[in-house]
Amino acid sequence: MTGVQTCALPISEGSNNWVLAPGRTAAGKALLANDPHLDLENPAVWFLAHLDAVTDGEGTMNVAGATFPGIPGVPIGRNPHVAWGNTTAYYDVADVYVETLNAAGDAVLFDGDGDGTLEEVPIVRKEVTFARADGEAITATLEGVPHHGPIVGKNPGERTAVTVRWTGHEATDELTAFLRLSRATSVAEAREALRIFGVGAQNFLLVDTAGHIGWWPRANVPRRPWASFDQANPIDPAGGSLPPWLPLPGDGSAEWAGYLSDEELPQIWDPASGVIATANQPMTAALDDGDPTNDGIPVLQSGAAHGFRMQRIADLLAAGGDAHTPETMHAIQADTHSLPGEAVVPAVLAAADAAGDLDEAAQRMVARLRAWAFTCPTGLAGTAPDAPGVEDPVETREAVGCTAFHYLLPKIYAHAFGDEAAQIGMGVSHHFLRTLVLSLHADTMPVPFDPHVFWDDVTTPEEE
């Protein structure tokens, strides 16, 4: 299934999927919906394909769905027995190392045996020639550290280099995983097929004709023994436990110890609720308090979505009870209700009312936001950007209100977080949304920080 982005947000991407067990559907058959979102590109990323070696042949593959050009398999799709969908699973599968160079600058110092002795490991160099569009060739020398990865920065004067270790630098076999998935006859077989899926973590949702459902965000996730995941023993650099979100020493004291086992990864199989959904949200509760290491969960995550899309999906699935149909699934995919709007606009209106004297432009903005019912239709009578506006005044009002909100939101980010972001050399973006909502609702939501700090200008420490 495809559709528009559930729960309108000021971003251009963000995938959703969910699966319902037979007991949650009107027909007593399991249903799966998958709605992947990427930036609009030409040529497109996804293509529909049907690979059939069974109907008119003697093969074993009959699979249809969405795929990438050149892949002899289907990342999102179905066969006669099993269907599968996926969204991005934000595991943290890379680490940054600060290497110490030898005097000549052609090797790094590394304790590979763990005996405390630093030895020189030669840097690997390779010349690569790139052809520019104008036909001119450019030759560059790429450098890497064998046990960590490519050198992305180097300071010979200080005898340091920065490397990045990523699971994708190692050989894996996702193609075989997809080929086995294409031939699976049950969720159990699909699960076995995914055991060798190593890089490009996805929230795999699975369903079969027998009514079994499952969720497994399968990937190679590093085991980091130098990071404490013990509730009773928090991160303590002095005690040898390092924070995994910062650059690490390249001397051998912060190495991976293989990968987490399949059993240690998040997963759900045939839950009593009869529903599983994902929307790029955190896969465990380890990020709820801002510290991913104090819950006894060794699965590090990064870049996860705010959770508004996931909440909206959960609300709509709950509202449908046990009578869901393909039509209700489509309706959820086409939903444009904005939970962020619900969370932010009342605070904006309260601030505007308290301010009192507003100029004409501000008054128009307030009027549009006050009239908005938090849905985001296009307001156009068609799909083309230059299509005429609709004649329905309610849809027009909603389109205008949604536009006003998304125009105002980055300005709020800049006002609340711009001074803090500038001090650390970064810009503001939609990634600040959850922090903004928490700071506006600190009286009703538990927050791990003083929510008032963001509304103070850090460049004026002498003022409150």
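# A guided tour of the predicted model

Begin by selecting Thr209, which is placed in the loop between strand 14 and strand 15. The model on screen is a predicted one. Colour the view by solvent accessibility: Thr209 has a relative accessibility of 59%, and therefore counts as exposed. Next, show the residues around this loop position. With neighbours within four places in sequence set aside, Thr209 is in contact with Pro80 and His81.

**The whole protein**

The protein has eight helices and 18 strands. Along the principal axes, its C-alpha atoms fill a box of roughly 80 × 75 × 60 Å. Of its 464 residues, 41% count as buried. Among contacts with a separation of 6 or more, 60% are accounted for by residues 24 or more positions apart.

**Helix 1 and helix 2**

Select helix 1 and helix 2 together. They pack at an angle of about 170°, and their axes are 8 Å apart. Helix 1 and helix 2 are therefore roughly antiparallel to each other. Display side chains at the contact: from helix 1, Ala177, Arg180, Leu181 and Arg183 meet Glu189, Ala190, Ala193 and Leu194 of helix 2. By class, this contact of helix 1 with helix 2 holds five nonpolar, no polar and three charged residues.

**Helix 5 and helix 8**

Select residues 339-355, which form helix 5, and residues 433-440, which form helix 8; the two pack at an angle of about 45°, with axes 10 Å apart. This angle makes helix 5 oblique to helix 8. Their crossing is left-handed. Pro340, Ala343, Val344 and Ala347 of helix 5 make the contact with Leu433, Leu436, Val437 and Leu440 of helix 8.

**Helix 6 and helix 7**

For the last stop, select helix 6 (residues 360-371) and helix 7 (residues 393-423). The packing angle of helix 6 and helix 7 is about 120°, and their axes lie 8 Å apart. Helix 6 is thus oblique to helix 7. Viewed as a pair, helix 6 passes helix 7 in a left-handed crossing. Show Met365, Arg368, Leu369 and Ala371 on helix 6; these meet Arg397, Glu398, Val400, Gly401, Ala404, Phe405, Tyr407 and Leu408 on helix 7. The contact of helix 6 with helix 7 comprises eight nonpolar residues, one polar residue and three charged residues.

Conventions. Residues are numbered from 1 along each chain as its sequence is written. This is a predicted model: local features need pLDDT of at least 70, side-chain atom pairs count only at pLDDT 80 or more; totals for chains, interfaces and linings use all residues. Side-chain values use heavy atoms; hydrogens and water are left out. Axes are lines fitted to C-alpha atoms, for helices over the stretch in contact, and angles run from 0 to 180 degrees between N-to-C directions. Helices (H or I, at least four residues) and strands (E, at least two) are DSSP runs, numbered from the N terminus. Angles under 35 degrees count as roughly parallel, over 145 as roughly antiparallel, 65 to 115 as roughly perpendicular and the rest as oblique. A crossing is left-handed if the near helix is turned anticlockwise from the far one by less than a right angle, and right-handed if clockwise. Contact means heavy atoms within 4.5 Å. Ala, Val, Leu, Ile, Met, Phe, Trp, Tyr, Cys and Pro count as nonpolar, Asp, Glu, Lys and Arg as charged, and the others, Gly among them, as polar. Buried means under 20% relative accessible area, exposed over 50%, partly exposed in between (1.4 Å probe, protein chains only).
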